[in-house]
Amino acid sequence: MSEFNLSFEGNLAATPELEITNGGQTLCRLRVAHNRRRRTSEGQWVDTTPMWAQVTVWGELAERCAELSKGDTVVVKARDDLNVWPFIRQQDGTPGGILEVTAENVSVSMRFKGALPVTDDKPAGDAWDPAEAEAEAERELQAA
């Protein structure tokens, strides 16, 4: 058996686009730019041409990704269904490409700034059971 791992970090270059398919599935499209920096022989940092990725996210993760904002730094863990779309830059005629991936997971990078926690009604740890939460809510309704 073989294993495929691809993860990359980049900045959202646009506001995430949330859509619902004709079949009722939720998807979110993220445009991510990975800016590469290289140090010259003189010791100065120089930005090189960015790598562009079009990331498609599905389901509940897509709904959470829609809350992100342009400029947020994210880490994308991609599945193994990749496509590369070549293009020629109109400004200078140099070749480029857009990596198209489907995300297995997307997380906010805290390399350059912190993230604010989101309060959730789930208890700490991994003991949360949705069936038990439903039963508890039912008991609360009956008691009221």
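Biologist: Which residues is Ser-109 in contact with, leaving aside its neighbours within four places in sequence?

Modeller: Contact means heavy atoms within 4.5 Å. Ser-109 is in contact with Glu-9, Thr-73, Val-74 and Val-75, its neighbours within four places in sequence left aside. One caution about the source: this is a predicted model, where local features need pLDDT of at least 70 and side-chain atom pairs count only at pLDDT 80 or more, while totals for chains, interfaces and linings use all residues. Residues are numbered from 1 along each chain as its sequence is written, and side-chain values use heavy atoms, with hydrogens and water left out.

Biologist: What are the secondary structure elements of the chain, from the N terminus on?

Modeller: Helices (H or I, at least four residues) and strands (E, at least two) are DSSP runs, numbered from the N terminus. The chain has two helices and nine strands. Their order is β-β-β-β-β-β-α-β-β-β-α.

Biologist: And where is the place of Ser-109?

Modeller: Ser-109 sits in the loop between strand S9 (95–108) and helix H2 (130–143).

Biologist: Is Ser-109 buried or exposed?

Modeller: Buried means under 20% relative accessible area, exposed over 50%, and partly exposed in between (1.4 Å probe, protein chains only). Ser-109 counts as buried because its relative accessibility is 9%. Across the chain, buried residues make up 22% of the 144 residues.

Biologist: Which side chain does a polar contact join to that of Ser-109?

Modeller: A polar contact is a pair of N or O atoms within 3.5 Å; within protein, one must be able to donate a hydrogen and the other to accept it, and residues adjacent in sequence count only if both atoms are side-chain atoms. The side chain of Ser-109 makes a polar contact of 2.6 Å with the side chain of Glu-9. A polar atom of the Ser-109 side chain also lies 3.2 Å from the backbone nitrogen of Arg-111.

Biologist: Thr-73 was on the list of contacts of Ser-109. What does Thr-73 touch, not counting residues up to four places away in sequence?

Modeller: Thr-73 is in strand S7 (residues 73–78). With residues up to four places away not counted, Thr-73 touches Glu-9, Gly-10, Asn-11, Ser-107, Val-108, Ser-109 and Phe-112. Its side chain makes a polar contact of 2.6 Å with that of Asn-11. Thr-73 counts as buried, since its relative accessibility is 11%.

Biologist: Val-74 also contacts Ser-109. Is Val-74 buried or exposed?

Modeller: Val-74 is in strand S7. At 1% relative accessibility, Val-74 counts as buried. Beyond its neighbours within four places in sequence, the contacts of Val-74 include Phe-8, Leu-12, Val-32, Leu-68 and Val-106. Val-74 and Ala-33 are 41 residues apart in sequence, with 9.9 Å between their C-alpha atoms.

Biologist: What share of contacts in the chain join residues at least 24 apart?

Modeller: The share is 59%, among contacts between residues at least 6 apart in sequence.

Biologist: How is empty space found? Which residues line the second largest pocket?

Modeller: Rolling a probe the size of a water molecule over the atoms shows where empty space is left. On a 1 Å grid over the protein atoms alone, a pocket is an open set of points where a 1.4 Å probe fits, with protein on both sides within 12 Å along at least five of seven lines; lining residues have an atom within 4 Å of a point. The lining of the second largest pocket includes Glu-9, Asn-11, Arg-37, Thr-73 and Arg-111. Strand S1 (6–12), strand S3 (26–34) and strand S4 (37–39) each give two or more residues to that lining. S1 has the largest share, three residues. The second largest pocket holds about 220 Å³ of space.

Biologist: Arg-37 is in that lining. Which side chain makes a polar contact with the side chain of Arg-37?

Modeller: That of Asp-47, at 2.8 Å. Arg-37 is in strand S4. Arg-37 is partly exposed, with a relative accessible area of 45%. Residues up to four places away not counted, Arg-37 touches Trp-45, Val-46 and Asp-47.

Biologist: Where is Val-46 found?

Modeller: Val-46 is in strand S5 (residues 45–47). Val-46 counts as partly exposed, at 37% relative accessibility. Among the residues that Val-46 touches are Arg-36, Arg-38 and Thr-40.

Terms used: Grid points are joined across faces, edges and corners, and a volume is the space filled by probe spheres set on the points.
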